[in-house]
Amino acid sequence: MSAIDRLYDINNPTIKKSINIDDTLYEKVIKLTRNRFCATVGEIVNVCIEDYVVKNNPTYYEKPKRETVTYRSIMIREKNLRDLQKMNKKTGITVTRLLNAAIKEFLESL
């Protein structure tokens with residue numbers, strides 16, 4: 001991948017999306033923004049989605065027992081949201097569960 005490939009097209013803006021994210025996953029993303037990457041939560045979540053879409057192996061991520069979930073607003077790229085919505089139509093898995101699965105798989109790959 002060349003450096004130019006890491007830039008987003010102007011026609012793929014971010015939009016504010018409110019979604020339930022498991023608190024444990026969110027806290028791990030926050031730690032990444034503070035300790036490892038120079039990125040916002042939204043930027044990391046977008047990378048998680050892009051990686052998940054490229055793998056094209058959607059899985060149902062069940063919320064762990066006793067896990068708390070918080071409704072959060074994050075900035076998601078329009079294309080990434082459309083990709084999750086396509087997966088939702090194809091699999092019947094909610095966008096929320098797909099997003100949480102994307103974050104979980106990304107964190108496990110680090």
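Q: Which helix gives the most to the lining of the largest pocket?
A: Helix 2, residues 41–55, with four residues. A helix here is a DSSP run of H or I with at least four residues, numbered from the N terminus. The model is predicted, so local features need pLDDT of at least 70 and side-chain atom pairs 80 or more, while totals for chains, interfaces and linings use all residues. Numbering starts from 1 along each chain as its sequence is written, and side-chain values use heavy atoms, without hydrogens or water.

Q: What makes a residue part of the lining?
A: An atom within 4 Å of a pocket point (an open set on a 1 Å grid over the protein atoms alone, with protein on both sides within 12 Å along at least five of seven lines). For the largest pocket, 13 residues line it. Arg-6, Tyr-8, Glu-43, Val-47 and Glu-50 lie nearest its centre.

Q: Why is Arg-97 called buried?
A: Its relative accessible area is 10%. Buried means under 20% (1.4 Å probe, protein chains only), so Arg-97 qualifies.

Q: Where is Arg-97 placed?
A: In helix 4.

Q: What makes the link between the side chains of Arg-97 and Asp-22 a polar contact?
A: The distance is 3.1 Å. The limit is 3.5 Å between N or O atoms, one able to donate a hydrogen and the other to accept it, so the pair counts.

Q: Which residues is Arg-97 in contact with, leaving aside neighbours within four places in sequence?
A: Asp-22, Tyr-60, Tyr-61, Glu-62 and Lys-63. Contact means heavy atoms within 4.5 Å.

Terms used
On a 1 Å grid over the protein atoms alone, a cavity is a set of points where a 1.4 Å probe fits but cannot get out, and a pocket is an open set with protein on both sides within 12 Å along at least five of seven lines; lining residues have an atom within 4 Å of a point. Helices (H or I, at least four residues) and strands (E, at least two) are DSSP runs, numbered from the N terminus. Buried means under 20% relative accessible area, exposed over 50%, partly exposed in between (1.4 Å probe, protein chains only).
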